[in-house]
Amino acid sequence: MKFVKESFIVKNKLQLAIVDKRIPKNMENNLKNMGVSIIKSTCCNDTYEAIKYHPDISVCKLNDNNIVVAPNVYDYYKNILKPYDFNVIPGNSIIKNKYPYNIHYNIVILKNFAIHNFKYTDKIILRYLEKNNIKKINVSQGYCKCSICIVDDNSLITSDEGIYKEVIKYGIDCLLIEKGYIDLFDLNYGFIGGSSFLVSNNELVFLGNIKKHPDYHKILNFVERKNKNLISLSDDKLLDLGSVIPLLEC
């Protein structure tokens with residue numbers, strides 16, 4: 001096994017990932033059947049119920065084995081990732097209960113671009129972006145990773161019109177879909193980025209049944225144009241569990 005080189009782009013076959021502890025058992029079993037082992041997230045008690053186990057609220061994978069983690073949950077991730085030789089870096093920003101003080105690590109990092117509300121991005125992450133000459137696309141939405149399904153380094157899906165209008169200015173191919181139709185515990189609805197992730201160079205997995213989304217055919221056509229297949233992890237309605245953080249691939 002080797003480290004996933006980029007933040008969210010899996011080139012080979014995903015082997016290990018961080019997943020919300022509340023993942024339904026059937027989805028967990030289906031992931032294991034696909035050869036994906038999981039590290040279950042810990043609770044960030046300092047933010048609200050629906051997102052307190054979401055990995056992308058307190059964890060931001062940079063490149064290779066480098067991971068920035070909120071001070072709130074740093075000890076947990078340092079200990080659990082140590083056997084895999086990850087460099088777990090303490091972030092500067094403490095997660096608090098209310099928006100925007102719980103979005104510091106919820107950033108999309110691609111090969112050439114990063115997307116976030118950079119007023120609130122953790123300083124460790126900002127320094128990484130500057131050091132690696134990654135262009136910053138500033139948007140008003142702070143829950144960027146929750147809101148964006150990454151198809152490849154230049155292809156995204158979102159229901160956030162502000163994100164859509166901004167990223168297409170940079171030549172990023174983006175599909176705008178209808179809001180809603182994704183569960184998020186006690187909230188009205190969740191987001192496409194928190195219910196999808198790459199498991200290989202040609203497979204995009206959804207936490208639930210993507211066919212139940214009203215824009216399924218638009219999503220299917222968009223993803224197939226990128227030479228990728230859709231995989232539904234269960235027959236249930238889509239569930240936003242926060243971003244699955246890919247760690248190791250074969």
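1. For the classes used below, Ala, Val, Leu, Ile, Met, Phe, Trp, Tyr, Cys and Pro count as nonpolar, Asp, Glu, Lys and Arg as charged, and the others, Gly among them, as polar. The model under discussion is predicted.

2. On that basis, the lining of the second largest cavity comprises four nonpolar, four polar and two charged residues. The residues concerned are S159, I177, E178, K179, G180, I182, G190, F191, I192 and H213. The space in this second largest cavity is about 30 Å³.

3. The lining of the largest cavity consists of F8, K145, I150, S196, F197, L198, S243, V244 and P246. Strand β13 (residues 196–200) supplies three residues, the largest share of this lining. By class, six residues lining the largest cavity are nonpolar, two are polar and one is charged.

4. Helix α7 spans residues 216–225, and its buried residues are Y216, I219, L220, F222 and V223. Which strands are among the elements that cover the buried residues of α7? The cover includes β10 (148–152), β11 (155–158), β12 (173–176), β14 (203–206) and β15 (229–232).

5. After α7 comes N227, a residue with a positive phi, near 60°.

Conventions: Residues are numbered from 1 along each chain as its sequence is written. This is a predicted model: local features need pLDDT of at least 70, side-chain atom pairs count only at pLDDT 80 or more; totals for chains, interfaces and linings use all residues. Side-chain values use heavy atoms; hydrogens and water are left out. Buried means under 20% relative accessible area, exposed over 50%, partly exposed in between (1.4 Å probe, protein chains only). Helices (H or I, at least four residues) and strands (E, at least two) are DSSP runs, numbered from the N terminus. Contact means heavy atoms within 4.5 Å. On a 1 Å grid over the protein atoms alone, a cavity is a set of points where a 1.4 Å probe fits but cannot get out, and a pocket is an open set with protein on both sides within 12 Å along at least five of seven lines; lining residues have an atom within 4 Å of a point. Grid points are joined across faces, edges and corners, and a volume is the space filled by probe spheres set on the points.
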